[in-house]
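Have the coordinates open as you read.

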Amino acid sequence: MPREAAEVKPMALSEIAVGEFAVVASLELAPEVGDHLMHLGFLPEATIEVLRRAPAGDPTVYRVEGAEIALRRETARHIQVRRDQV
């Protein structure tokens, strides 16, 4: 049972590696930024795929709801996700 709890522990989207998937748990951003990202598909329970990172490591491109969206690490740090089996 403790193993299951560890698997669903929320973490920052910025910590997910390229090629991995995660599920949005919550957005901990200012309302105007959070609302904008929610309109782009960053909704609770949405599946996100980490596609690629810029050569310097920032920004990162994510796929959500069929769209590719680049976010800076500072923004992605405030999106809590979990690594569910997808």
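## The cavity and its lining

β4 (60-64) and α3 (73-76) each put at least two residues into the lining of the largest cavity. Helices (H or I, at least four residues) and strands (E, at least two) are DSSP runs here, numbered from the N terminus. A cavity is a set of points, on a 1 Å grid over the protein atoms alone, where a 1.4 Å probe fits but cannot get out, and lining residues have an atom within 4 Å of a point. Keep in mind that this is a predicted model: local features need pLDDT of at least 70 and side-chain atom pairs count only at pLDDT 80 or more, while totals for chains, interfaces and linings use all residues. Residues are numbered from 1 along each chain as its sequence is written, and side-chain values use heavy atoms, with hydrogens and water left out.

How much space lies in the largest cavity? About 40 Å³, and the structure holds one cavity of 30 Å³ or more. Volumes are the space filled by probe spheres set on the points, with grid points joined across faces, edges and corners. The lining consists of Ser14, Arg53, Gly57, Thr60, Tyr62, Leu71, Arg72, Arg73 and Ala76. By class, that's three nonpolar, three polar and three charged residues.

Buried, in turn, is under 20% relative accessible area, exposed is over 50%, and partly exposed is in between (1.4 Å probe, protein chains only).

Phe42 sits in the loop between α2 (31-39) and β3. Why does Phe42 count as buried? Because its relative accessibility is 0%. Skipping neighbours within four places in sequence, its contacts (heavy atoms within 4.5 Å) are Leu13, Leu27, Leu37, Ile48, Tyr62, Val64, Ile69, Leu71 and Ile79. Leu71, not counting residues up to four places away in sequence, touches Leu13, Leu37, Phe42, Asp58, Pro59, Thr60, Tyr62 and Ile79.

## The sheet

Which order do the strands take? The open sheet of six strands runs β1-β6-β2-β3-β4-β5, with antiparallel pairing. β1 (11-12) and β5 are at the edges with a single partner strand each, so one side of each has no neighbour in the sheet. Pairing is called when DSSP finds at least two bridges between two strands.

Going through some of the pairs, β1 and β6 are antiparallel over two bridges, and Ala12 stands opposite Gln80 in β6. β2 and β6 (residues 79-82) are joined over four bridges, also antiparallel, with Leu27 opposite Ile79. On to β2 (residues 21-27) and β3 (residues 47-53): three bridges, again antiparallel, with Phe21 facing Glu49 across the pair.

## Two strand residues up close

Gln80 is in β6, and it counts as buried because its relative accessibility is 15%. Beyond four places in sequence, Gln80 contacts Pro10, Met11, Ala12, Val23, Val24, Ala25, Ser26 and Glu28.

Ala25, from that contact list, lies in β2 and is partly exposed at 30% relative accessible area. With sequence neighbours within four places left out, Ala25 touches Pro44, Gln80, Val81 and Arg82.

## The whole chain

Zooming out, the chain has three helices and six strands, in the order α-β-β-α-β-β-β-α-β from the N terminus. Of its 86 residues, 35% count as buried. Among contacts with a separation of 6 or more, 60% link residues 24 or more positions apart.

Key: On a 1 Å grid over the protein atoms alone, a cavity is a set of points where a 1.4 Å probe fits but cannot get out, and a pocket is an open set with protein on both sides within 12 Å along at least five of seven lines; lining residues have an atom within 4 Å of a point. Ala, Val, Leu, Ile, Met, Phe, Trp, Tyr, Cys and Pro count as nonpolar, Asp, Glu, Lys and Arg as charged, and the others, Gly among them, as polar.
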